Each structure stands twice: as C-alpha cells, then as structure tokens.
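My notes follow in the order I took them.

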Amino acid sequence: MTLSDVINKVKVSLMGTADYFERAQADESISLYKLMVQSGLAKLRTINPLTMSGTIFLAPGVAKYDGPDDLWTIKSHTWGANQQSPWECGFVGNIPTVTVSNGSLLFSVAPTGSMLNSLGRQFQYFYLANYSLTEDAAQNNVPEELEPILLLLCQAAAMEMLMVRGASNPVSVKAGVGRISRAAPADVYDLLMKSAKEMALHS
C-alpha cells in the first residue's frame, strides 16, 4: 500500500463528490487528496494507536534527547520504577516527567549524576507513533488490514473540507458500510467516523 494507492481509492470512493475536489484543486498549492490522507492518518493514530518502544542513554545534566522519526507522544517508561521510597536510604529524588516537543523527549528536570549512578543510564520507554504513508511501501507503517479504516477516515476528512468551504448540498460516498446517498457533508462525516471507530474496535 502506497500513498498513490490510497489516493486513487479515495477518489473512487468519493464518487461524484470527487469532481468538486478536482475543480477546487486548481486553486490550491498542495494536493487536496494528500491533505485528506494526512488528516486520515492523524485520525487513525487516535482511534487505533500504534505503540512502539525505544531506548536512549541518559547523560548527567542533559534534559533534551532526540526521539525516533515516528514519535507522536510518550506513553510510559520504566526508568526509576524500582528506586527506594523517599523515606528509605538510597532515595535519589523524584523521577522527572517526560514529554514530547517537536520530535524530542524533554525531561522536566535533567537527570543528575547521582540519579544515573543509582538508576542507570539506559532509559527504555513506550511511545505512540505517527502513521506514515509514502510512495515507498517499505517505509510505510500502516498495516494492510487497516486500509479500510484509513479510507473511511480520509473520506471523513473530505467531508470536513466540504464543511469548511460551506458546502451543504447532499453528497454520495461509497464507504465500507455501503453507499451513503443524499446526505449533507456533516451527516456523512458523522456516519463515516462512527463506522471507522466500530471497525477499529474489531481490528
């Protein structure tokens, strides 16, 4: 599955509504269909999170570390989980919280040398990843079984575009649940999102 594959399927699924986007494309500097897929991928990571793991090695006094290319947000980590309680000998301080900013891991307080001596330099963590879809199938991380859900979410993104542009005329979309005909974009959007979430629950 590649970006072009998904865009072509989205065009087919939008039926007559695709004509609107073909006309609107002449006034846009970026592919509207690429924007649909980007929006669909962002929705997919929310309703079907992709959990990955990573490891970094900490240095004293350093609070910012590069994250993996697909990093969205940190989920959990185990660093310091076994340290002594505050009232026990060997307690080295509160464990810093870790957040994500612009693809980097940020520690609320830079680990100290005493922390690293006690808890170790290796920081293992779990994170939620961004889905990636390009023309290079080998670089993509969207499983084939999630394609039907992604298509629904791309169609939902198309309905959002119509709503932003003030379109309210009934549209028809060929979706996984069959053909949705003569419904306003807002109603089609709600049905597409509901269908995608239901499919994600059973994926």
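I began with α1 and α5, whose crossing is right-handed. By the rule I used, a crossing is left-handed if the near helix is turned anticlockwise from the far one by less than a right angle, and right-handed if clockwise. The model is predicted, so I kept its limits in view: local features need pLDDT of at least 70, side-chain atom pairs count only at pLDDT 80 or more, and totals for chains, interfaces and linings use all residues. Residues are numbered from 1 along each chain as its sequence is written, and side-chain values use heavy atoms, with hydrogens and water left out.

**Entry: α1 on α5.** I took helices (H or I, at least four residues) and strands (E, at least two) as DSSP runs, numbered from the N terminus. Helix α1 covers residues 3–13 and packs on α5 at an angle of about 60°, with the axes 10 Å apart. The axes are lines fitted to C-alpha atoms, for helices over the stretch in contact, and angles run from 0 to 180 degrees between N-to-C directions. That angle makes α1 oblique to α5. Under 35 degrees counts as roughly parallel, over 145 as roughly antiparallel, 65 to 115 as roughly perpendicular, and the rest as oblique.

Which residues make the contact? From α1 I listed V6, K9, V10 and S13; from α5, E147, L150, L151, C154 and Q155. Contact here means heavy atoms within 4.5 Å. I sorted them by class and got five nonpolar, two polar and two charged residues. Ala, Val, Leu, Ile, Met, Phe, Trp, Tyr, Cys and Pro count as nonpolar, Asp, Glu, Lys and Arg as charged, and the others, Gly among them, as polar.

**Entry: α2 on α5.** Helix α2 (residues 17–24) packs on α5 (residues 147–164) at about 60°, axes 12 Å apart. α2 is therefore oblique to α5. The crossing of α2 past α5 is left-handed. T17, Y20 and F21 of α2 meet A158, M159, M161 and L162 of α5. I counted six nonpolar residues in this contact, one polar and no charged.

**Entry: α5 itself.** I checked its length. The 18 residues should span 26 Å at 1.5 Å a residue, and the end C-alpha atoms of α5 are 26 Å apart, which agrees. The expected span is 1.5 Å times one less than the number of residues. Is α5 enclosed or open? 14 of its 18 residues are buried, so α5 is largely enclosed by the rest of the structure. Buried means under 20% relative accessible area, exposed over 50%, partly exposed in between (1.4 Å probe, protein chains only). After α5 comes G166, with a positive phi near 80°.

**Entry: α3.** Helix α3 (residues 32–47) reaches 23 Å from first to last C-alpha, close to the 22 Å expected. Its buried residues include L32, Y33, M36 and V37. The buried residues of α3 pack against α1, α2, α5 and α6 (185–201).

Entry: I looked up two residues between β6 and α5. L146 lies in this loop and is buried, at 5% relative accessible area. Beyond its neighbours within four places in sequence, L146 is in contact with L44, N48, Y131 and S203. At 22% relative accessibility, N130 counts as partly exposed. N130 and L71 are 59 residues apart in sequence but 6.2 Å apart in space, C-alpha to C-alpha. Contacts of N130 beyond four places in sequence are R45, D70, L71, W72 and N141.
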